[in-house]
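Colleague: I am new to this structure and would like to go through it by asking about one place at a time.

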Amino acid sequence: MKYKAAVITLSDKAYHGEREDLSGKKLVSLLENSGLYSEIEYVLLSDDRLSIASELKRLVKEGFDLVLTTGGTGLSGRDNTPEATKDVIDKEVPGISELIRYESFKITKRAALSRAVSGIAGKTLIINMPGSLKAVTESYEIIKDIIPHALETINSNGSLNCGR
């Protein structure tokens, strides 16, 4: 089965043309190379909470299976991605974000500063990821093998088991 995916980069500087978005473009490339997606949409937004939530709702309404966000998960006053995601999701899937933090912590103790969340809105899996190119690449590698099963389970109407 082929899925619809979206990548949203959340960065005031990239949105205003002050910096090139490398992490979002890298995620698009990684998704393209996986062969799992029939459509991949790329979106660049500022760190505005309402804009983020609105875009997430649009993607859910349009039937996207997976949304990966990059950026806005840190400690600054403009980091609003987790809050906007929580405004939209029906259920949290904390294990995904915990796994990313756990494995990333082995690389850098700064992983402890991530406030990223993951969850399901309707039938859309939303995963917050870090904003740096290195961190987003490492994070994707950590979860890439569980994403297909997660999407299959979400779309199975309860007939698949996520347990061991």
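Colleague: What should I know about the model before starting?
Modeller: This is a predicted model, in which local features need pLDDT of at least 70, side-chain atom pairs count only at pLDDT 80 or more, and totals for chains, interfaces and linings use all residues. Residues are numbered from 1 along each chain as its sequence is written, and side-chain values use heavy atoms, with hydrogens and water left out.

Colleague: What span does helix α3 reach from its first C-alpha to its last?
Modeller: Helices (H or I, at least four residues) and strands (E, at least two) are DSSP runs, numbered from the N terminus. Helix α3 covers residues 49–61, which is 13 residues. The expected span of a helix is 1.5 Å times one less than its number of residues. For α3 the span is close to that expectation, at 18 Å.

Colleague: Which residues of α3 are buried, and what arc do they cover?
Modeller: Buried means under 20% relative accessible area, exposed over 50%, and partly exposed in between (1.4 Å probe, protein chains only). In α3 the buried residues are I52, A53, E55, L56 and L59. They lie on the same side of α3, because the arc around the axis, taken from the directions from the helix axis to the C-beta atoms, is only 165°.

Colleague: Which residue just after α3 takes a positive phi?
Modeller: The place to look is just after α3. The phi there is about 80°, and the residue is G63.

Colleague: How far is the charged end of K4 from the centre of the ring of F64?
Modeller: A charge sits over a ring if NZ of Lys or CZ of Arg is within 6 Å of the ring centre and within 35 degrees of the ring normal. The charged end of K4 sits over the ring of F64, and its distance from the centre is 4.4 Å.

Colleague: Which residues of α4 are buried, and within what arc do they fall?
Modeller: The buried residues of α4 are T81, P82, A84, T85 and V88. They line one face of the helix, because seen down the axis of α4 they fall within an arc of 165°.

Colleague: Which elements are included in what covers the buried residues of α4?
Modeller: The cover of these buried residues includes both strands and a helix. The helix is α3, and the strands are β1, β3, β5 and β6.

Colleague: Which side chain makes a polar contact with that of S97?
Modeller: S97 is in helix α5 (residues 94–105) and counts as buried because its relative accessibility is 2%. Beyond its neighbours within four places in sequence, S97 is in contact with A116, V117 and S118. A polar contact is a pair of N or O atoms within 3.5 Å; within protein, one must be able to donate a hydrogen and the other to accept it, and residues adjacent in sequence count only if both atoms are side-chain atoms. At 2.8 Å, the side chain in polar contact with S97 is that of S118.

Colleague: Is K91 buried or exposed?
Modeller: K91 lies in strand β4 (residues 91–92). Not counting residues up to four places away in sequence, K91 touches S118, G119 and I120. Because its relative accessible area is 56%, K91 is exposed.

Colleague: Which side chain is joined to that of R78 by a polar contact?
Modeller: R78 is in the loop between β3 and α4, and its relative accessible area of 38% is why R78 is partly exposed. Leaving out residues up to four places away in sequence, R78 touches D12, S46, D47 and D48. The side chain joined to R78, by a polar contact of 2.9 Å, is that of D12.

Methods: Contact = heavy atoms within 4.5 Å.
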